[in-house]
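Subject: Structure handover

Hello,

Here is the structure I promised to pass on. Please open it beside this email.

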Amino acid sequence: MIVTERFPGKELAYYRALKRRTALPAKEEKNLAVLEKGYRGEYEYDRVFDETGHSSVFVFRDIYLRIGGSVAQYDCLVVSDDGIVVNEIKNYSGLYCYDRGKWYIRDSQVSEDALAQLRRAVGKLVKLRYQVRGQFDITGKIVFPNIEFRLQTNDEELWENVVLRSGLRNYLLQFKNLYAGRVAEEIAELIRGHIVPNPYFDKCADFDVLRKGLYCGSCGGFELENRKYHLVCESCGSKETKETHIIRAISDYKALFLNEKLTKKRFVEFIDYKVSPRTVLRMLNIYCERTWNGAFTYYDFKYQNFEDAYVNSNRLWRYKDYNLKYE
DNA sequence: GCTAAAGCTATCCTCTAATA
DNA sequence: TATTAGAGGATAGCTTTAGC
């Protein structure tokens with residue numbers, strides 16, 4: 001069973017939202033492409049794992065653990081009575097060579113060493129196990145979920161530590177034979193107790209240079225016709241409710257201004273007053289946790305992102321979206 | 001410390017237009 | 001066509017701020 005769901009990380013959400021409202025410099029554009037590719041790989045891994053089934057084990061997706069003063073990121077941890085399995089997911093594509101601790105693609109060396117990363121990730125958990133005098137196994141694999149990834153190496157140790165796309169289904173199927181009982185519960189509790197938010201990303205966008213307003217969920221256009229219950233895109237004709245637009249904007253605001261409080265005043269400025277403050281207030285009260293402090297009232301988005309709020313808010317939507325992208 | 005003004009939000013109410 | 005959620009006007013109540 002899934003203990004922690006995977007969502008696009010802070011950095012990916014930040015650049016996605018930023019790209020909507022500003023022209024990204026080439027370097028940041030490239031960074032976004034790398035992040036998107038990484039996320040696609042994790043998504044593919046999750047998809048296959050969901051298919052093969054994980055009801056008999058605990059699965060932690062995309063977590064940060066503080067162990068012994070430093071924080072390490074884990075793509076996926078599988079916990080059973082046997083112990084912890086670490087899966088480091090790399091969405092590489094193309095022909096990679098590995099030789100004596102170094103990775104190469106087309107004769108140029110790759111800056112990161114996936115095997116060393118896996119060793120560090122496992123090592124951290126070993127440290128944690130030592131702290132609690134635990135007695136369980138900790139193993140790990142590097143998973144390459146991209147069908148276009150090929151690996152050339154004579155290194156036996158590496159082969160023992162990798163799972164390629166062709167073997168992914170069989171690899172994940174083995175978890176169906178594991179069992180999560182009392183021991184696994186204790187390990188899961190231990191892991192849960194060490195989860196922290198991603199401490200490595202703390203960028204905050206420049207409010208003044210961002211394009212203000214609301215944009216079409218289908219084509220991204222900012223020219224919208226304001227109807228009573230909907231906003232209609234003037235370029236593609238998509239019609240989305242004000243509610244949908246506001247949730248999307250709250251999600252963007254959260255991604256762009258990590259350390260900045262969301263106030264109604266700031267938010268209506270962010271959406272360039274395209275929806276009345278009254279409507280904004282109604283939505284903020286539905287989708288956010290309100291911290292009431294008179295003139296300094298601020299709101300915290302209850303959901304991870306737009307999709308999370310859109311799907312999981314359990315609201316009765318009287319008015320519908322007519323988004324051409326999904327039709 | 002007091003008071004008035006300004007800012008923010010909730011509630012009551014009516015009207016309207018999307019939906020079944 | 002009937003229903004009814006959502007939008008927004010009016011107003012009251014609360015907090016903060018500025019001026020004395």
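Below are the conventions, then the findings.

This is a predicted model: local features need pLDDT of at least 70, side-chain atom pairs count only at pLDDT 80 or more, and totals for chains, interfaces and linings use all residues. Residues are numbered from 1 along each chain as its sequence is written, while chains are lettered from A and ligands numbered from 1 in the order in which they are written.

**DNA surface**

DNA strand B is surrounded by 13 residues. The closest are Lys228, Lys264, Lys265, Thr297 and Lys320. (Helices are DSSP runs of H or I, at least four residues; strands are E runs of at least two, both numbered from the N terminus.)

One open sheet has three strands in the order 12-13-14, with antiparallel pairing. (Strands pair if DSSP finds at least two bridges between them.) Its edge strands are strand 12 (224-226) and strand 14 (239-241). Strand 13 (residues 230-233) and strand 14 share three bridges. Leu231 has Glu240 as its bridge partner in strand 14.

Another open sheet has four strands, order 7-6-5-9, with mixed pairing. Strand 7 (108-109) and strand 9 (149-152) each have a single partner strand, so one side of each lacks a neighbour in the sheet. Strand 5 (residues 94-99) runs parallel to strand 9, joined by four bridges. Gly94 stands opposite Phe149 in strand 9.

Best wishes

Technical notes:
A residue is near a molecule or strand if its C-beta atom, placed from the backbone, lies within 6 Å of it.
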